[in-house]
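Here is a short report for a reader meeting this structure for the first time. Please look over the sequence and the model before reading on.

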Amino acid sequence: MPLPLYLLALAVFAMGTSEFMLAGLVPDIADSLGVSAGTAGTLTSAFAIGMCAGAPLMAGLIRDRPGRTSLAVFVLVFAAAHVAGALTTDFALLFATRIVAALANAGFLAVALTTASALVAPERKGRALAVLLAGTTVATIAGVPGGTVLGALFGWRAAFWAVAALCLPALAGIVTGVPRRPVQGEGADGRALRPELARLRSPRLVLVMLLGALVNAGTFCGFTFLALIVADERWVPVVLVLFGAGSFAGVAVAGRLSDRRPALVVAVGGPPLLIGWPVLALLADQRAVLLVLVFVLGALSFALGSTLIARVLYEAAGAPRMAGSYATAALNLGAVAGPLIGAAALGGGTAGPFWASGALVATALVVALPFRAAIAGEASTAAR
């Protein structure tokens, strides 16, 4: 894989740390700002709302701009939003900073995904996506627990300051290592946006976007509220590390299979993921079971999620600039719905979000069953 891919993954690590770290900071933020845990959990949804809306918007606005310049600006705005979030004492303003940070993250990821696809051979998009998502999974292993520890020792604001600081080396890597020229798709007209938007009329593209959103909703529904089911708060960082380690393993394995055997990943990983979330809801009070399950659920969630998002890139191959934004929107549509569904499910107790996660995965598998050929990429002109 080309070196610029790993430099982009470094920035994704900083942004992924921000997106996921709230899973360990929700109780602290709720106490500090005088809101409920469910309300504090919606900060994850605020971030995802910005990602969903921002991905196609930003990709469309900067489609003719140099890739490196756009990426650098997005990182700077992202860092500034975290500085503002660290300084505020008002929940509404903190909510707004999360949306701004998400818009920057969405623009960055949309450009980064398109850039990554252009840096590798057409049949290696899944591998390129795996490298980028490795930045996110490493964030769940190191960045998120680190943010949780910082929050426990110095308050949740320290975690926001740390994310802003992480942006600086990421920015340096982008400026020095990413090509300046815009990414040009084969036969693409730099100013023609309408044909790329027309790709959204493809039923296959819409299907894989929906499936990716459902699986990711299940992931965020459970992950956002993991800290609430850990009886001893000292084990929260350990639980988050295990979930992150599992997600890294899942992306690594799926990255090697998603280009050629995507249906196999869904068929093998889907049923255990469906069963795993309800089992976690029932047995979370047993520490050994909890530790094993969070690793397995992290692996399965990200293996399926990354595979389905890779299929989005394949099915959107006719939209070289907007493909990354479609993948980003699908990834984060689930991240909007997941925490909201989880917050609503808290009315049934702290196990509620994990039952809801199982229901979301079940829905995805039921929807996917009649469309196995589309998931496998069979007879897809765009993919070829």
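## The chain as a whole

This is a predicted model. The protein chain has 14 helices and zero strands. Read along the sequence, the pattern is α-α-α-α-α-α-α-α-α-α-α-α-α-α.

The chain holds 384 residues, and 58% of them are buried. Its accessible surface comes to about 14600 Å². Carbon and sulfur atoms account for 68% of that surface. Contacts also span the sequence: among those between residues at least 6 apart, 87% join residues at least 24 apart.

## Helix 8 against helix 13

Helix 8 covers residues 203-223, and helix 13 covers residues 352-368. Their axes come within 7 Å and cross at roughly 165°. An angle over 145 degrees counts as roughly antiparallel, so helix 8 is roughly antiparallel to helix 13. The crossing is left-handed.

Helix 8 brings L207, L210, L211, L214, V215, A217, G218, C221 and G222 to this contact. Helix 13 answers with P353, F354, A356, S357, L360, T363, A364, V367 and A368. By class, the contact of helix 8 with helix 13 has 14 nonpolar residues, four polar and no charged.

## Helix 8 against helix 11

Helix 8 also meets helix 11, which covers residues 287-315. Here the axes come within 9 Å and cross at roughly 160°. That angle makes helix 8 and helix 11 roughly antiparallel to each other. Their crossing is left-handed.

On the helix 8 side, the contact uses R204, L205, V208, M209, L211, G212, V215 and T219. On the helix 11 side, it uses S301, F302, L304, G305, L308, I309, R311, V312 and E315. The contact of helix 8 with helix 11 divides into 10 nonpolar, four polar and three charged residues.

## A closer look at T219

T219 lies in helix 8. Is T219 buried or exposed? Its relative accessible area is 3%. Buried means under 20%, so T219 is buried.

Which residues does T219 touch, leaving aside those up to four places away in sequence? They are F243, W277, S301 and F302. Two of these names, S301 and F302, belong to the helix 11 side of the contact with helix 8.

Note on methods: Residues numbered from 1 in each chain as written. Predicted model: local features only at pLDDT ≥ 70, side-chain atom pairs only at ≥ 80, totals over all residues. Heavy atoms only, no water. Axes fitted to C-alpha atoms, helices over the stretch in contact; angles between N-to-C directions. Helix = DSSP H or I, 4+ residues; strand = E, 2+ residues; numbered from the N terminus. Parallel < 35°, antiparallel > 145°, perpendicular 65-115°, else oblique. Left-handed = near helix turned anticlockwise from the far one by under 90°. Contact = heavy atoms within 4.5 Å. Nonpolar A, V, L, I, M, F, W, Y, C, P; charged D, E, K, R; others polar. Buried < 20%, exposed > 50% of the residue type's maximum accessible area, 1.4 Å probe, protein only. Areas by Shrake-Rupley, 256 points an atom, 1.4 Å probe, with all protein chains shown as cover.
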